[in-house]
Amino acid sequence: MLAILDKWKARQGEEKPVMILINVSGGGLRSAAFVMNAMQQLDSLTQGKLMPHTMLISGASGGMLAATYYRELYRYRLHDSTMNLSYKKFGDYISSDLLNPVFTSMIARDIFAPMQKFSVGNNRYIKDRGYAFEKKLSDNTHGLLNIQLKDVAGDEQMANVPMIIFSSVIADDGRKLLISTQPISFMMKPRYYAADTTVLPDAVDFGAMFKRQHPMDLRVLTAMRMNATFPYVLPNVWLPSNPVIDVMDAGLRDNVGTEASLRFADYFREWLTENTGGVVLLQLRHKVNEDWDQSTPGENLTDRIVTPATMLQHNWFALQQYQQMDQFGYFNTAADTLLKKITILYQPKDADKSAAINFHLTERERRDVLSSFYNEGNKEEIDALLKLLR
């Protein structure tokens, strides 16, 4: 990884370049549309500096669909300079409907014809709604994402493009499964506990665990689906371990990808301090509801009985945000100002008409999501990023 960092720096053309770590939040096609538009706009505003300065992309669900697609468009442009990354249709492609084929497959295949199969290389798999999701996502993006991890490993290793870490949550014990084209076993524990045998790893390196099963043959579409496996909507992914483990949506542990970025920055703190002008944690995410008026307790007895059980569900993302703010605060002390956080938020014009979190967007919702990039709060954050990249 240090060799990749050195290659990244060599491509910057300055002594202490700013490094960007991009975090994107989950939230179905709402997040996909917002993240895609934000990355297109930011790359244009920075005059093409966004992706060359970016070292790592992490996140969850819909946001990662868009971020991965945009990274692949950027990688494609390395070989075709006529590619226009700001082309509006790219945003339409990644936010096109995925819900109908998933539920059609649930009825037609999962229930009535569950034994249909398809092949990938020498392996056979059952066609289910996960297959339908991947096929439709591939069709929507005109086949650009129909590749394997090994197809992008070389460009990531040479720092031609930002690295991507896909994450999922192992259902049995809540650990994260981290998928990368590069060896990342050093990230299985916080650095402080790396040599402490009494502290168990809280993550698993997919490439290391399945090294005998050709992990780099994994399709990028499947890695994206594993990252976006929202319970019940998509089937849990069963992995060929003994015993078999299944994984769920990355958002159950970290809906923004902050944990991976902070751990990466902590492991290479000395290198980053010596070789960069600072690290920007660029978060493209939705706003967590902070309005108490919208969460008034119910007045009937049933509401009061179920409130303790539903409190965690209603505040899941807020609790994650509090924890991540705490982590960031410990990392960025008065004596250590290596990290700077810049956050671009989706905030609906009308709180009562927020775009739904699913795999379908109406045209009204799409317009609301795209226009949110230009709100007043975001303008200040964008200006801060532009100053850092001058």
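I started with a count of elements: the protein has 16 helices and 11 strands, taken as DSSP runs numbered from the N terminus (helices H or I, at least four residues; strands E, at least two). This is a predicted model, so I kept in mind that local features need pLDDT of at least 70 and side-chain atom pairs pLDDT 80 or more, while totals for chains, interfaces and linings use all residues. Residues are numbered from 1 along each chain as its sequence is written, and side-chain values use heavy atoms, with hydrogens and water left out.

**Overall burial and contacts**

I looked up burial next: 51% of the 390 residues count as buried (under 20% relative accessible area; exposed is over 50%, partly exposed in between; 1.4 Å probe, protein chains only). Contact here means heavy atoms within 4.5 Å. Among contacts between residues at least 6 apart in sequence, 76% join residues at least 24 apart.

**Helix α2**

I then turned to α2, residues 28–45. Its 18 residues reach 26 Å from first C-alpha to last, close to the 26 Å expected (1.5 Å times one less than the number of residues). Because 15 of the 18 residues are buried, α2 is largely enclosed by the rest of the structure. Glutamine 47 follows α2, with a positive phi near 60°.

**Helix α8**

Which residues of α8 (149–157) are buried? I found Leu149, Val152, Ala153, Asp155 and Glu156. They pack against α1 (2–10), α4 (61–77), β5 (163–170), β6 (176–179) and α10. Just after α8, alanine 159 has a positive phi of about 60°.

**The second largest pocket**

I noted a volume of about 1,000 Å³ for the second largest pocket. A pocket is an open set of points on a 1 Å grid over the protein atoms alone, where a 1.4 Å probe fits, with protein on both sides within 12 Å along at least five of seven lines; lining residues have an atom within 4 Å of a point. The volume is the space filled by probe spheres set on the points, which are joined across faces, edges and corners. Of the 33 lining residues, Tyr125, Leu218, Thr222, Val237 and Trp238 are the closest to the centre. Elements giving two or more residues to the lining include α6 (99–111), α7 (129–140) and α10 (220–227).

**Leucine 388**

My last stop was leucine 388, in α16 (376–388). Leucine 388 is partly exposed, at 31% relative accessible area. Leaving out residues up to four places away in sequence, leucine 388 touches Val18, Val280, Lys340 and Ile342. Proline 17 is 371 residues away from leucine 388 in sequence, yet 9.5 Å away in space, C-alpha to C-alpha.
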